[in-house]
Amino acid sequence: MKVSLIELFEETVKKYPQKVAVIDKDREIVFSDLHRKSLQLASALMALGIGQNRAVGVFLDKSIESVYADLGILYAGDFYMNLDIKTPAERIRNILQLVEPAAIISTTRQIKSIEGIIPSTMKVILLDEAGGTADVDSADIIGRLSTIIDTDPSCIINTSGSTGTPKGVVLNHKSFFDFIDWAIDTFHFDDDLVMGSLSPIVFDIYSFELCMLMAKASTLVVLPAHLAAFPAKILEVLEQHKVNFLFWVPTIMVNIANMDLLSAFKLKSLRTVWFAGEVFPTKQFNYWHHHLSEVTFANLYGPIEITLDCTYYIINKEIPDEEPLPIGYPCRNTNILILDDEDHVVTEPGVEGELCVRGTSLAMGYYNNPEKTAAVFVQNPLNKAYPELIYRTGDIVCLNDEGLIVFKGRKDNIVKHMGYRTDLGEIEHVIINTLKLVKNGCIVYNQRDKQITLFYEAAEEIPVSEFRLQIGKVLPKYMIPTAFHHLEQLQRNANGKIDRLFYKKQVNE
(Lines give C-alpha, C1' and ligand atoms only; values in the text may rest on other atoms or scores of the structure.)
Protein backbone atom coordinates (compact mmCIF):
# COMPACT_ATOMS: atom_id res chain seq x y z
CA MET A 1 0.00 0.00 0.00
CA LYS A 2 1.44 3.34 -1.06
CA VAL A 3 0.66 6.48 0.89
CA SER A 4 2.83 9.13 -0.82
CA LEU A 5 3.00 9.91 -4.53
CA ILE A 6 6.80 9.97 -4.20
CA GLU A 7 6.72 6.20 -3.69
CA LEU A 8 5.54 5.90 -7.31
CA PHE A 9 8.45 8.03 -8.46
CA GLU A 10 10.96 5.94 -6.49
CA GLU A 11 9.82 2.79 -8.30
CA THR A 12 9.93 4.50 -11.68
CA VAL A 13 13.49 5.80 -11.16
CA LYS A 14 14.72 2.31 -10.26
CA LYS A 15 13.03 0.81 -13.30
CA TYR A 16 13.88 3.49 -15.90
CA PRO A 17 16.90 5.52 -14.69
CA GLN A 18 18.06 6.52 -18.19
CA LYS A 19 14.68 7.14 -19.77
CA VAL A 20 13.92 10.76 -20.71
CA ALA A 21 11.54 12.25 -18.13
CA VAL A 22 11.12 15.83 -19.40
CA ILE A 23 11.76 17.45 -22.77
CA ASP A 24 11.95 21.23 -22.44
CA LYS A 25 12.62 22.87 -25.82
CA ASP A 26 16.26 21.98 -26.60
CA ARG A 27 16.91 20.48 -23.15
CA GLU A 28 15.98 17.15 -21.64
CA ILE A 29 16.53 15.30 -18.39
CA VAL A 30 16.48 11.58 -17.59
CA PHE A 31 14.77 10.11 -14.55
CA SER A 32 17.95 9.48 -12.56
CA ASP A 33 19.06 13.10 -12.93
CA LEU A 34 15.54 14.37 -12.14
CA HIS A 35 15.63 12.18 -9.02
CA ARG A 36 19.00 13.61 -7.94
CA LYS A 37 17.91 17.23 -8.37
CA SER A 38 14.64 16.59 -6.53
CA LEU A 39 16.49 15.09 -3.55
CA GLN A 40 18.95 17.99 -3.47
CA LEU A 41 16.10 20.47 -3.38
CA ALA A 42 14.33 18.50 -0.65
CA SER A 43 17.51 18.61 1.44
CA ALA A 44 17.82 22.37 0.85
CA LEU A 45 14.25 22.88 2.07
CA MET A 46 14.83 20.81 5.19
CA ALA A 47 18.11 22.62 5.86
CA LEU A 48 16.08 25.85 6.12
CA GLY A 49 14.20 24.35 9.04
CA ILE A 50 10.88 24.07 7.23
CA GLY A 51 8.57 21.70 9.01
CA GLN A 52 6.55 18.88 7.51
CA ASN A 53 3.18 19.36 5.78
CA ARG A 54 3.82 23.01 4.96
CA ALA A 55 2.90 24.81 1.77
CA VAL A 56 5.85 25.77 -0.46
CA GLY A 57 5.34 28.16 -3.37
CA VAL A 58 6.86 27.62 -6.82
CA PHE A 59 7.33 30.78 -8.89
CA LEU A 60 8.76 29.35 -12.11
CA ASP A 61 7.69 28.97 -15.71
CA LYS A 62 6.85 25.46 -16.85
CA SER A 63 10.20 23.77 -17.28
CA ILE A 64 12.49 21.02 -16.08
CA GLU A 65 13.02 23.20 -13.00
CA SER A 66 9.32 23.40 -12.14
CA VAL A 67 9.05 19.62 -12.33
CA TYR A 68 11.90 18.93 -9.93
CA ALA A 69 10.77 21.80 -7.70
CA ASP A 70 7.39 20.11 -7.19
CA LEU A 71 9.01 16.69 -6.71
CA GLY A 72 11.54 18.12 -4.26
CA ILE A 73 8.76 19.64 -2.18
CA LEU A 74 6.99 16.28 -2.03
CA TYR A 75 10.25 14.57 -1.04
CA ALA A 76 10.56 17.05 1.83
CA GLY A 77 7.17 15.93 3.12
CA ASP A 78 5.54 19.20 2.14
CA PHE A 79 3.02 20.24 -0.53
CA TYR A 80 3.56 22.46 -3.53
CA MET A 81 1.63 25.54 -4.62
CA ASN A 82 2.52 26.53 -8.17
CA LEU A 83 2.15 30.23 -8.98
CA ASP A 84 1.66 31.85 -12.37
CA ILE A 85 4.60 34.09 -13.23
CA LYS A 86 2.30 36.16 -15.48
CA THR A 87 -0.18 36.90 -12.69
CA PRO A 88 -0.24 40.54 -11.51
CA ALA A 89 1.84 41.09 -8.38
CA GLU A 90 -1.18 42.20 -6.36
CA ARG A 91 -2.93 38.88 -6.97
CA ILE A 92 0.23 37.01 -5.96
CA ARG A 93 0.34 39.14 -2.79
CA ASN A 94 -3.22 38.10 -1.95
CA ILE A 95 -2.35 34.43 -2.40
CA LEU A 96 0.79 34.69 -0.26
CA GLN A 97 -1.11 36.50 2.50
CA LEU A 98 -3.83 33.84 2.51
CA VAL A 99 -1.65 30.71 2.34
CA GLU A 100 1.53 31.98 4.03
CA PRO A 101 3.81 29.39 2.39
CA ALA A 102 6.92 28.47 4.36
CA ALA A 103 9.16 29.18 1.36
CA ILE A 104 9.10 30.10 -2.28
CA ILE A 105 11.25 28.55 -5.03
CA SER A 106 12.21 30.68 -8.03
CA THR A 107 15.15 32.08 -10.02
CA THR A 108 17.00 35.38 -9.82
CA ARG A 109 15.30 36.62 -12.99
CA GLN A 110 11.77 35.54 -12.20
CA ILE A 111 11.68 36.56 -8.54
CA LYS A 112 12.26 40.23 -9.48
CA SER A 113 8.62 40.80 -10.40
CA ILE A 114 7.44 39.93 -6.88
CA GLU A 115 10.41 40.87 -4.69
CA GLY A 116 8.52 43.76 -3.15
CA ILE A 117 5.60 41.65 -1.97
CA ILE A 118 7.37 38.66 -0.42
CA PRO A 119 7.12 38.84 3.39
CA SER A 120 10.47 39.13 5.14
CA THR A 121 9.69 35.98 7.12
CA MET A 122 9.31 33.87 3.98
CA LYS A 123 12.36 31.87 2.96
CA VAL A 124 13.44 31.99 -0.70
CA ILE A 125 15.37 29.39 -2.68
CA LEU A 126 16.82 30.57 -5.99
CA LEU A 127 17.68 27.61 -8.19
CA ASP A 128 20.32 29.51 -10.17
CA GLU A 129 22.19 30.60 -7.04
CA ALA A 130 23.14 27.15 -5.78
CA GLY A 131 19.65 26.85 -4.32
CA GLY A 132 18.55 23.24 -4.20
CA THR A 133 22.07 21.85 -4.47
CA ALA A 134 22.53 20.88 -0.84
CA ASP A 135 24.14 17.60 0.16
CA VAL A 136 21.48 14.93 0.25
CA ASP A 137 20.64 13.44 3.64
CA SER A 138 18.78 10.34 2.50
CA ALA A 139 18.09 9.14 6.03
CA ASP A 140 16.47 12.45 6.95
CA ILE A 141 14.30 12.38 3.81
CA ILE A 142 13.25 8.78 4.41
CA GLY A 143 12.41 9.68 7.99
CA ARG A 144 10.17 12.53 6.88
CA LEU A 145 8.40 10.45 4.27
CA SER A 146 7.80 7.59 6.71
CA THR A 147 5.42 9.78 8.70
CA ILE A 148 3.36 10.96 5.69
CA ILE A 149 -0.15 9.52 5.41
CA ASP A 150 -2.27 9.42 2.26
CA THR A 151 -4.68 12.11 3.49
CA ASP A 152 -1.86 14.64 3.90
CA PRO A 153 -1.91 17.44 1.31
CA SER A 154 0.07 17.03 -1.90
CA CYS A 155 -0.67 20.42 -3.48
CA ILE A 156 -2.71 23.61 -3.44
CA ILE A 157 -4.32 24.77 -6.67
CA ASN A 158 -5.63 28.32 -6.68
CA THR A 159 -8.97 29.06 -8.29
CA SER A 160 -10.75 32.37 -8.81
CA GLY A 161 -12.56 33.98 -5.88
CA SER A 162 -15.35 36.54 -5.97
CA THR A 163 -13.48 38.84 -3.58
CA GLY A 164 -10.40 39.06 -5.79
CA THR A 165 -8.38 36.68 -3.63
CA PRO A 166 -8.11 33.22 -5.17
CA LYS A 167 -9.32 30.24 -3.17
CA GLY A 168 -6.61 27.67 -2.46
CA VAL A 169 -8.01 24.20 -3.15
CA VAL A 170 -6.18 21.57 -1.08
CA LEU A 171 -5.74 18.13 -2.70
CA ASN A 172 -4.18 15.11 -1.02
CA HIS A 173 -2.14 12.07 -2.04
CA LYS A 174 -5.06 9.66 -1.66
CA SER A 175 -7.32 11.44 -4.13
CA PHE A 176 -4.57 11.51 -6.76
CA PHE A 177 -3.89 7.78 -6.25
CA ASP A 178 -7.61 7.17 -6.81
CA PHE A 179 -7.70 9.12 -10.08
CA ILE A 180 -4.41 7.69 -11.39
CA ASP A 181 -5.60 4.13 -10.80
CA TRP A 182 -8.88 4.83 -12.58
CA ALA A 183 -7.11 6.48 -15.53
CA ILE A 184 -4.59 3.67 -16.01
CA ASP A 185 -7.21 0.93 -15.72
CA THR A 186 -9.78 2.63 -17.95
CA PHE A 187 -7.47 3.80 -20.73
CA HIS A 188 -4.83 1.05 -20.45
CA PHE A 189 -1.92 3.49 -20.24
CA ASP A 190 1.44 1.75 -20.34
CA ASP A 191 5.03 2.87 -19.82
CA ASP A 192 5.50 4.49 -23.23
CA LEU A 193 3.27 7.52 -22.70
CA VAL A 194 4.59 10.77 -24.23
CA MET A 195 2.52 13.73 -23.03
CA GLY A 196 2.18 17.02 -24.90
CA SER A 197 1.98 19.33 -21.89
CA LEU A 198 0.28 22.62 -22.81
CA SER A 199 -1.46 23.57 -19.55
CA PRO A 200 0.23 26.07 -17.20
CA ILE A 201 1.72 24.69 -14.00
CA VAL A 202 -1.16 26.23 -12.03
CA PHE A 203 -3.66 23.84 -13.69
CA ASP A 204 -4.73 20.54 -12.17
CA ILE A 205 -4.05 19.02 -15.61
CA TYR A 206 -0.34 19.72 -15.07
CA SER A 207 -0.50 18.01 -11.67
CA PHE A 208 -1.99 14.94 -13.37
CA GLU A 209 0.84 14.96 -15.94
CA LEU A 210 3.29 15.11 -13.05
CA CYS A 211 1.54 12.11 -11.48
CA MET A 212 1.77 10.13 -14.71
CA LEU A 213 5.47 10.96 -14.93
CA MET A 214 5.85 9.48 -11.45
CA ALA A 215 3.50 6.52 -11.85
CA LYS A 216 4.15 5.30 -15.42
CA ALA A 217 7.53 6.81 -16.35
CA SER A 218 5.66 9.04 -18.80
CA THR A 219 7.72 11.58 -20.72
CA LEU A 220 6.50 15.16 -20.32
CA VAL A 221 7.05 17.33 -23.42
CA VAL A 222 6.84 20.98 -22.37
CA LEU A 223 4.82 23.10 -24.80
CA PRO A 224 5.69 26.70 -23.84
CA ALA A 225 2.73 28.98 -23.13
CA HIS A 226 3.60 31.39 -25.96
CA LEU A 227 3.01 28.62 -28.50
CA ALA A 228 -0.74 28.85 -27.85
CA ALA A 229 -0.70 31.74 -30.35
CA PHE A 230 0.99 29.49 -32.93
CA PRO A 231 -1.07 26.28 -33.18
CA ALA A 232 0.86 25.01 -36.21
CA LYS A 233 4.11 25.19 -34.21
CA ILE A 234 2.50 23.15 -31.43
CA LEU A 235 1.55 20.44 -33.91
CA GLU A 236 5.11 20.43 -35.27
CA VAL A 237 6.43 19.76 -31.76
CA LEU A 238 3.88 16.98 -31.24
CA GLU A 239 5.06 15.28 -34.43
CA GLN A 240 8.74 15.86 -33.67
CA HIS A 241 8.56 14.12 -30.29
CA LYS A 242 5.96 11.49 -31.28
CA VAL A 243 3.52 12.64 -28.62
CA ASN A 244 0.81 10.04 -28.07
CA PHE A 245 -1.30 11.61 -25.28
CA LEU A 246 -2.92 15.02 -24.92
CA PHE A 247 -4.96 16.43 -22.04
CA TRP A 248 -6.00 19.93 -23.12
CA VAL A 249 -8.57 22.61 -22.50
CA PRO A 250 -10.62 22.78 -25.75
CA THR A 251 -9.78 26.40 -26.70
CA ILE A 252 -6.61 25.53 -28.61
CA MET A 253 -8.34 22.54 -30.21
CA VAL A 254 -11.10 24.82 -31.49
CA ASN A 255 -8.48 27.11 -33.03
CA ILE A 256 -6.74 24.17 -34.70
CA ALA A 257 -10.07 23.02 -36.14
CA ASN A 258 -11.00 26.51 -37.37
CA MET A 259 -7.60 26.77 -39.13
CA ASP A 260 -7.94 23.27 -40.66
CA LEU A 261 -4.44 22.38 -39.44
CA LEU A 262 -5.05 18.64 -39.18
CA SER A 263 -5.11 18.50 -42.97
CA ALA A 264 -1.41 19.31 -42.87
CA PHE A 265 -0.38 17.60 -39.61
CA LYS A 266 -1.39 13.94 -39.36
CA LEU A 267 -0.23 13.30 -35.75
CA LYS A 268 0.34 9.62 -36.54
CA SER A 269 1.67 8.82 -33.04
CA LEU A 270 -1.35 10.21 -31.22
CA ARG A 271 -3.42 7.54 -29.42
CA THR A 272 -5.45 9.25 -26.70
CA VAL A 273 -6.89 12.76 -26.34
CA TRP A 274 -8.62 14.03 -23.23
CA PHE A 275 -10.25 17.43 -23.01
CA ALA A 276 -11.83 19.21 -20.04
CA GLY A 277 -12.28 22.59 -18.40
CA GLU A 278 -14.89 24.09 -20.71
CA VAL A 279 -17.47 23.10 -23.30
CA PHE A 280 -15.95 21.81 -26.56
CA PRO A 281 -18.26 22.89 -29.44
CA THR A 282 -19.39 19.70 -31.15
CA LYS A 283 -18.69 20.97 -34.67
CA GLN A 284 -15.01 21.55 -33.90
CA PHE A 285 -14.78 18.28 -31.97
CA ASN A 286 -16.17 16.41 -34.99
CA TYR A 287 -13.38 17.94 -37.07
CA TRP A 288 -10.81 16.29 -34.77
CA HIS A 289 -12.75 13.03 -34.62
CA HIS A 290 -13.01 12.76 -38.40
CA HIS A 291 -9.35 13.60 -39.04
CA LEU A 292 -8.04 11.31 -36.28
CA SER A 293 -10.47 8.42 -36.43
CA GLU A 294 -8.08 5.95 -34.75
CA VAL A 295 -7.59 8.15 -31.68
CA THR A 296 -9.54 7.59 -28.45
CA PHE A 297 -11.26 10.84 -27.45
CA ALA A 298 -12.71 11.44 -23.99
CA ASN A 299 -14.68 14.39 -22.66
CA LEU A 300 -13.89 14.82 -18.94
CA TYR A 301 -15.67 17.00 -16.43
CA GLY A 302 -14.79 18.16 -12.94
CA PRO A 303 -14.17 21.42 -11.09
CA ILE A 304 -10.86 21.96 -9.30
CA GLU A 305 -12.57 21.00 -6.03
CA ILE A 306 -12.67 17.45 -7.39
CA THR A 307 -9.25 15.86 -7.91
CA LEU A 308 -8.94 16.25 -11.67
CA ASP A 309 -12.34 15.06 -12.90
CA CYS A 310 -15.34 13.07 -11.75
CA THR A 311 -17.16 12.12 -14.98
CA TYR A 312 -16.02 11.04 -18.42
CA TYR A 313 -17.40 10.10 -21.82
CA ILE A 314 -15.42 8.14 -24.39
CA ILE A 315 -16.83 9.36 -27.69
CA ASN A 316 -17.17 6.42 -30.05
CA LYS A 317 -20.13 7.44 -32.17
CA GLU A 318 -21.25 10.27 -34.44
CA ILE A 319 -22.79 13.23 -32.61
CA PRO A 320 -24.54 15.92 -34.70
CA ASP A 321 -22.91 19.35 -34.69
CA GLU A 322 -25.90 20.96 -33.01
CA GLU A 323 -25.97 18.52 -30.06
CA PRO A 324 -23.76 19.02 -26.98
CA LEU A 325 -21.14 16.43 -26.07
CA PRO A 326 -22.26 14.52 -22.94
CA ILE A 327 -19.99 14.56 -19.91
CA GLY A 328 -20.94 10.93 -19.50
CA TYR A 329 -20.67 8.68 -16.48
CA PRO A 330 -19.05 8.92 -13.04
CA CYS A 331 -15.44 7.79 -12.76
CA ARG A 332 -14.89 4.68 -10.66
CA ASN A 333 -15.20 5.21 -6.90
CA THR A 334 -17.11 8.44 -7.49
CA ASN A 335 -20.82 8.96 -6.94
CA ILE A 336 -22.72 11.70 -8.75
CA LEU A 337 -25.93 13.06 -7.21
CA ILE A 338 -28.20 15.24 -9.34
CA LEU A 339 -30.29 17.20 -6.84
CA ASP A 340 -33.27 19.47 -7.46
CA ASP A 341 -34.07 22.63 -5.46
CA GLU A 342 -35.52 20.51 -2.64
CA ASP A 343 -32.46 18.21 -2.56
CA HIS A 344 -34.36 15.31 -4.10
CA VAL A 345 -32.49 13.05 -6.51
CA VAL A 346 -33.31 13.68 -10.19
CA THR A 347 -33.62 10.47 -12.22
CA GLU A 348 -35.93 11.38 -15.09
CA PRO A 349 -34.27 12.22 -18.45
CA GLY A 350 -34.37 15.91 -19.28
CA VAL A 351 -35.09 17.08 -15.71
CA GLU A 352 -32.38 19.47 -14.53
CA GLY A 353 -30.62 19.54 -11.18
CA GLU A 354 -27.35 20.52 -9.52
CA LEU A 355 -24.46 18.10 -9.95
CA CYS A 356 -23.06 17.09 -6.55
CA VAL A 357 -20.15 14.73 -5.91
CA ARG A 358 -19.20 12.34 -3.15
CA GLY A 359 -16.14 10.13 -2.87
CA THR A 360 -12.39 10.03 -2.39
CA SER A 361 -11.94 12.55 -5.20
CA LEU A 362 -13.19 15.48 -3.09
CA ALA A 363 -10.68 18.15 -2.18
CA MET A 364 -9.93 18.72 1.50
CA GLY A 365 -11.42 22.23 1.23
CA TYR A 366 -10.10 25.75 0.79
CA TYR A 367 -6.87 26.66 2.58
CA ASN A 368 -7.41 29.08 5.47
CA ASN A 369 -11.00 29.62 4.38
CA PRO A 370 -13.44 27.67 6.58
CA GLU A 371 -16.47 29.78 5.62
CA LYS A 372 -16.19 29.18 1.88
CA THR A 373 -15.32 25.53 2.54
CA ALA A 374 -18.46 25.04 4.64
CA ALA A 375 -20.62 26.67 1.95
CA VAL A 376 -19.92 24.04 -0.72
CA PHE A 377 -18.49 21.01 1.10
CA VAL A 378 -21.67 20.07 2.92
CA GLN A 379 -23.35 17.14 4.63
CA ASN A 380 -25.00 14.79 2.15
CA PRO A 381 -28.70 15.73 2.45
CA LEU A 382 -29.65 12.14 1.59
CA ASN A 383 -27.73 10.75 4.57
CA LYS A 384 -28.88 11.64 8.09
CA ALA A 385 -27.12 8.74 9.82
CA TYR A 386 -23.44 9.71 9.86
CA PRO A 387 -21.12 12.51 8.67
CA GLU A 388 -20.57 12.39 4.93
CA LEU A 389 -19.49 15.34 2.83
CA ILE A 390 -20.51 16.07 -0.73
CA TYR A 391 -19.32 18.90 -2.96
CA ARG A 392 -21.99 21.11 -4.51
CA THR A 393 -20.56 22.16 -7.89
CA GLY A 394 -23.12 24.83 -8.79
CA ASP A 395 -23.33 23.23 -12.25
CA ILE A 396 -26.72 22.32 -13.72
CA VAL A 397 -26.98 19.00 -15.55
CA CYS A 398 -29.57 16.49 -16.67
CA LEU A 399 -29.67 12.91 -17.89
CA ASN A 400 -30.37 12.23 -21.56
CA ASP A 401 -32.38 9.30 -22.88
CA GLU A 402 -29.28 7.09 -22.79
CA GLY A 403 -28.63 7.82 -19.11
CA LEU A 404 -25.63 10.03 -19.91
CA ILE A 405 -25.03 13.22 -17.92
CA VAL A 406 -25.32 16.38 -20.03
CA PHE A 407 -23.94 19.72 -18.85
CA LYS A 408 -26.48 22.55 -19.09
CA GLY A 409 -24.75 25.53 -17.49
CA ARG A 410 -23.90 27.23 -14.23
CA LYS A 411 -26.49 27.55 -11.49
CA ASP A 412 -25.60 31.23 -11.29
CA ASN A 413 -26.10 31.46 -15.08
CA ILE A 414 -29.83 30.97 -14.67
CA VAL A 415 -31.75 34.22 -14.21
CA LYS A 416 -35.35 35.34 -14.02
CA HIS A 417 -35.93 37.59 -17.05
CA MET A 418 -39.32 39.03 -17.96
CA GLY A 419 -40.82 36.48 -15.59
CA TYR A 420 -39.14 33.51 -17.32
CA ARG A 421 -36.45 31.23 -15.90
CA THR A 422 -33.71 31.84 -18.47
CA ASP A 423 -30.48 29.88 -18.90
CA LEU A 424 -27.82 32.24 -20.28
CA GLY A 425 -25.72 29.23 -21.29
CA GLU A 426 -28.47 28.05 -23.61
CA ILE A 427 -28.45 31.40 -25.43
CA GLU A 428 -24.67 31.16 -25.84
CA HIS A 429 -24.96 27.63 -27.19
CA VAL A 430 -27.51 28.68 -29.80
CA ILE A 431 -25.50 31.70 -30.96
CA ILE A 432 -22.13 29.90 -31.13
CA ASN A 433 -22.92 26.26 -31.88
CA THR A 434 -26.36 26.09 -33.44
CA LEU A 435 -26.44 29.28 -35.52
CA LYS A 436 -22.64 29.69 -35.67
CA LEU A 437 -23.04 33.46 -35.76
CA VAL A 438 -19.76 34.14 -33.92
CA LYS A 439 -16.58 32.27 -33.03
CA ASN A 440 -16.70 33.00 -29.28
CA GLY A 441 -19.22 34.74 -27.11
CA CYS A 442 -20.13 35.50 -23.53
CA ILE A 443 -23.66 36.17 -22.30
CA VAL A 444 -24.09 38.06 -19.01
CA TYR A 445 -27.10 39.63 -17.33
CA ASN A 446 -27.44 43.31 -16.45
CA GLN A 447 -29.50 43.17 -13.27
CA ARG A 448 -30.09 46.92 -13.10
CA ASP A 449 -31.37 47.39 -16.65
CA LYS A 450 -32.75 43.84 -16.98
CA GLN A 451 -30.76 43.27 -20.15
CA ILE A 452 -29.36 40.06 -21.60
CA THR A 453 -25.99 41.24 -22.89
CA LEU A 454 -23.76 39.56 -25.49
CA PHE A 455 -20.03 40.20 -25.80
CA TYR A 456 -18.70 38.51 -28.91
CA GLU A 457 -15.58 37.91 -30.99
CA ALA A 458 -15.83 38.44 -34.73
CA ALA A 459 -13.68 39.83 -37.54
CA GLU A 460 -16.31 42.52 -38.17
CA GLU A 461 -19.23 43.92 -36.23
CA ILE A 462 -22.49 42.11 -36.97
CA PRO A 463 -25.67 44.22 -37.37
CA VAL A 464 -27.95 43.94 -34.37
CA SER A 465 -30.86 43.31 -36.70
CA GLU A 466 -29.09 40.23 -38.09
CA PHE A 467 -28.52 38.86 -34.59
CA ARG A 468 -32.15 39.36 -33.64
CA LEU A 469 -33.46 37.90 -36.87
CA GLN A 470 -31.39 34.72 -36.65
CA ILE A 471 -31.73 34.14 -32.89
CA GLY A 472 -35.47 34.76 -33.12
CA LYS A 473 -35.74 31.75 -35.44
CA VAL A 474 -34.53 29.45 -32.67
CA LEU A 475 -35.29 31.06 -29.31
CA PRO A 476 -38.35 32.83 -27.90
CA LYS A 477 -38.37 36.59 -27.93
CA TYR A 478 -37.59 36.92 -24.21
CA MET A 479 -34.28 35.05 -24.72
CA ILE A 480 -32.96 37.35 -27.48
CA PRO A 481 -30.13 39.57 -26.14
CA THR A 482 -30.95 43.24 -25.85
CA ALA A 483 -27.37 44.57 -25.83
CA PHE A 484 -24.49 43.59 -28.12
CA HIS A 485 -20.78 44.40 -27.82
CA HIS A 486 -18.30 43.55 -30.58
CA LEU A 487 -14.67 42.78 -29.57
CA GLU A 488 -11.68 41.57 -31.53
CA GLN A 489 -10.85 39.25 -28.66
CA LEU A 490 -12.65 38.40 -25.44
CA GLN A 491 -10.89 38.83 -22.12
CA ARG A 492 -9.45 35.56 -20.74
CA ASN A 493 -8.72 34.73 -17.11
CA ALA A 494 -5.55 33.10 -15.75
CA ASN A 495 -6.89 29.67 -16.73
CA GLY A 496 -7.32 30.67 -20.37
CA LYS A 497 -11.12 30.66 -20.16
CA ILE A 498 -13.41 33.54 -21.09
CA ASP A 499 -13.49 35.82 -18.04
CA ARG A 500 -17.23 35.90 -17.36
CA LEU A 501 -16.76 37.62 -14.03
CA PHE A 502 -15.02 40.50 -15.81
CA TYR A 503 -17.94 41.04 -18.18
CA LYS A 504 -20.52 40.51 -15.46
CA LYS A 505 -18.86 43.31 -13.47
CA GLN A 506 -18.75 45.53 -16.54
CA VAL A 507 -22.53 45.48 -17.04
CA ASN A 508 -23.44 45.68 -13.36
CA GLU A 509 -21.15 48.48 -12.15
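Thr 482 lies in the loop between helix H14 (464–471) and strand E26 (483–487); helices (H or I, at least four residues) and strands (E, at least two) are DSSP runs, numbered from the N terminus. This is a predicted model, in which local features need pLDDT of at least 70 and side-chain atom pairs count only at pLDDT 80 or more, while totals for chains, interfaces and linings use all residues. Residues are numbered from 1 along each chain as its sequence is written, and side-chain values use heavy atoms, with hydrogens and water left out.

At 37% relative accessibility, Thr 482 counts as partly exposed. On this scale buried means under 20% relative accessible area, exposed means over 50%, and partly exposed is in between (1.4 Å probe, protein chains only). Thr 482 and Ile 452 are 30 residues apart along the chain, and their C-alpha atoms are separated by 5.5 Å. Neighbours within four places in sequence aside, Thr 482 is in contact (heavy atoms within 4.5 Å) with Gln 451, Ile 452 and Arg 468.

The protein chain as a whole has 15 helices and 26 strands. Its radius of gyration is 23 Å, close to the 23 Å that the globule rule gives for 509 residues, so the chain is as compact as a globular protein of that length. The radius is taken over C-alpha atoms, and the rule is 2.2 Å times the number of residues to the power 0.38. Along the principal axes, the C-alpha trace spans about 70 × 55 × 45 Å. Of the 509 residues, 57% count as buried. Among contacts between residues at least 6 apart in sequence, 66% join residues at least 24 apart.

The accessible surface of the protein chain comes to about 21,900 Å², and carbon and sulfur atoms account for 50% of it; the areas come from the Shrake-Rupley method with a 1.4 Å probe, and for residues only the protein chains shown count as cover. The chain carries 49 positive and 65 negative charges, whose mean positions are 2 Å apart. Lys and Arg count as positive and Asp and Glu as negative, with His and the chain ends not counted. Each charge is placed at NZ of Lys, CZ of Arg, CG of Asp or CD of Glu.

In soluble globular proteins, nonpolar side chains tend to be buried together. A nonpolar core is here a set of buried Ala, Val, Leu, Ile, Met, Phe, Trp, Tyr and Cys residues joined through side-chain atoms within 4.5 Å. The largest such core has 95 residues, of which Val 22, Leu 34, Leu 213, Met 214 and Trp 274 touch the most other members. Beyond its neighbours within four places in sequence, Leu 213 has contacts that include Phe 9, Val 22, Phe 31, Leu 34, Val 67 and Met 195. Another core, of 37 residues, lies apart from the largest one and has Val 194, Leu 235, Leu 246 and Trp 248 among its members.

The loop between strand E9 (194–197) and helix H8 (204–216) contains Leu 198. Leu 198 is buried, at 15% relative accessibility, and residues up to four places away in sequence aside, touches Lys 62, Glu 209, Leu 223, Ile 234, Trp 248 and Ile 252. Val 202 lies in the loop between E9 and H8 and is buried, with a relative accessible area of 14%. Val 202 and Met 81 are 121 residues apart in sequence, yet 7.9 Å apart in space, C-alpha to C-alpha.

Most residues other than glycine have a negative phi, and most peptide bonds are trans. Leu 267, not a glycine, has a positive phi of about 45°. Leu 267 is in the loop between helix H10 (250–258) and strand E12 (272–275) and is buried, with a relative accessible area of 6%. Lys 266 lies in the loop between H10 and E12 but counts as partly exposed, at 44% relative accessibility. Lys 266 touches Glu 239 and Leu 292, not counting residues up to four places away in sequence.

Asn 368, also not a glycine, has a positive phi of about 55°. Asn 368 is in the loop between strand E18 (365–366) and helix H12 (370–376) and is partly exposed, at 48% relative accessibility. Helix H13 (residues 424–434) is mostly covered, with 8 of its 11 residues buried; Ile 427, Glu 428 and Asn 433 are among them. Lys 436, which follows H13, has a positive phi near 55°.
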